[in-house]
Amino acid sequence: MFLPIFFIFSFLFSSTNAADFCVGGLNGPVGPAGYSCKKTATEDDFSFSGLRTAGNTSNLVKAAITPAFSTQFPGVNGLGISIARLDLAVGGVIPMHTQPRASELILVMDGTLFAGFISSDNKVYSKSLNEGDIMIFPQGLLHFQINTGKTQSVAFVSFNSADPGVQILDFALFTNDLPTDIIEGTTFLDAAQIKKLKGVLGGTG
C-alpha cells in the first residue's frame, strides 16, 4: 500500500513543478501560444531591468515604448502577463493603435496624459490622467495617449498577454505599398494627403 501512494505523490509533485512556468526559448519555434519552453531556467529569466531607463523620444511622435514582452523578458512566456514603459516628451503621442491579443491597463507615474479608446459602436471614452491614475483599454479597440502637460510624462502599461501585439493605424495605412487609390477609396482621404503621409512614414504605392 505504501509504494502505490508514494508513486502517486511523486507523480503529482513532479507534474506540478514541471508546469509551474515555461520560460521562452527564444532560439526555438514560436507559435500562437508563445515560445517553446527553455530546457533550463535561471533566476535571471524571471527578472528584467530594461524598464529602468527612459526611452528615446527624439522621433516623429516624441514618444518611446520599451516593452517587456516574451521576446524581451522570456520569463513571462505562457503566463498571460507583460508590461511596457511609455515615455512621452511634451506634445508626444502614442498614435491610435490596437492590441489584438490583450487588454491594457495604464498607470501614469509622472506628468499628465490625455488618453482614450473608441468602442465598436464608435463611442469615445477619454479622460485626462494625472500621476497615480489608471485607465483600461479593452482588447482590440483603437486607443491612444497624448502628453498634454508641460513636462515629460512616464507611464507603465500592463497586458493580459505575454505577447499582446500592436497595430498602429497610421503605420498600417501609410508605411507599406498599399496603393494610394485603394486607401483613397476606403478612407475618404484625398490622394495628395495620402502621398504626403506615405512620404513621411516611408510608404510606397
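The largest pocket in this predicted model holds about 170 Å³ of space. Thirteen residues, 13 in the count, line that pocket, and those closest to its centre are Pro32, Ala33, Gly34, Ser161 and Asp163. Sorted by class, the lining comes out as 7 polar, 4 nonpolar and 2 charged residues. As for how such a space gets found, rolling a probe the size of a water molecule over the atoms shows where empty space is left.

Next up is the disulfide count. Searching the whole structure turns up 1 disulfide, and the partners are cysteine 22 and cysteine 37, with their sulfur atoms sitting 1.9 Å apart. The torsion about the S-S bond of this pair is about -115°, so the disulfide is left-handed. Cysteine 22 belongs to the loop between helix H1 (2-18) and strand E1 (30-31), while cysteine 37 belongs to the loop between strand E2 (34-35) and strand E3 (63-68), so the bond ties together parts that are 15 residues apart in sequence. The two cysteines also fall into separate accessibility classes: cysteine 22 has a relative accessible area of 16% and is buried, whereas cysteine 37, at 47% relative accessibility, counts as partly exposed. The cut-offs behind those labels are under 20% for buried and over 50% for exposed, which means that 47% lands in between.

Backbone torsions come next. Lysine 62 has a phi near 55°, a positive value in a residue other than glycine. Lysine 62 is found in the loop between E2 and E3, and its relative accessible area of 40% makes it partly exposed. Asparagine 122 is no glycine either, yet its phi is positive at about 65°. Asparagine 122 is placed in the loop between strand E7 (113-118) and strand E8 (124-129), and at 64% relative accessibility it counts as exposed.

Helix H4 covers residues 191-201, and at its start a side-chain oxygen of aspartate 190 reaches to within 3.1 Å of the backbone nitrogen of alanine 192.

Moving on to the strands, histidine 143 is part of strand E10 (residues 143-147). With a relative accessible area of 1%, histidine 143 is buried. Its side chain is joined to the side chain of glutamate 104 by a polar contact of 2.8 Å. Lysine 150, by contrast, is exposed, at 83% relative accessibility, and lies in the loop between E10 and strand E11 (153-159). From lysine 150 to valine 76 the C-alpha atoms are separated by 35 Å, with the two residues 74 apart along the chain.

On the domain level, the assignment for the protein gives domain 1 (55-165) and domain 2 (171-201). The C-alpha centres of domain 1 and domain 2 lie 25 Å apart.

Definitions and conventions: Residues are numbered from 1 along each chain as its sequence is written. This is a predicted model: local features need pLDDT of at least 70, side-chain atom pairs count only at pLDDT 80 or more; totals for chains, interfaces and linings use all residues. Side-chain values use heavy atoms; hydrogens and water are left out. Domain bounds come from an automatic or database domain assignment. On a 1 Å grid over the protein atoms alone, a cavity is a set of points where a 1.4 Å probe fits but cannot get out, and a pocket is an open set with protein on both sides within 12 Å along at least five of seven lines; lining residues have an atom within 4 Å of a point. Grid points are joined across faces, edges and corners, and a volume is the space filled by probe spheres set on the points. Ala, Val, Leu, Ile, Met, Phe, Trp, Tyr, Cys and Pro count as nonpolar, Asp, Glu, Lys and Arg as charged, and the others, Gly among them, as polar. A polar contact is a pair of N or O atoms within 3.5 Å; within protein, one must be able to donate a hydrogen and the other to accept it, and residues adjacent in sequence count only if both atoms are side-chain atoms. Helices (H or I, at least four residues) and strands (E, at least two) are DSSP runs, numbered from the N terminus. A disulfide is a pair of cysteine sulfur atoms within 2.5 Å. Buried means under 20% relative accessible area, exposed over 50%, partly exposed in between (1.4 Å probe, protein chains only).
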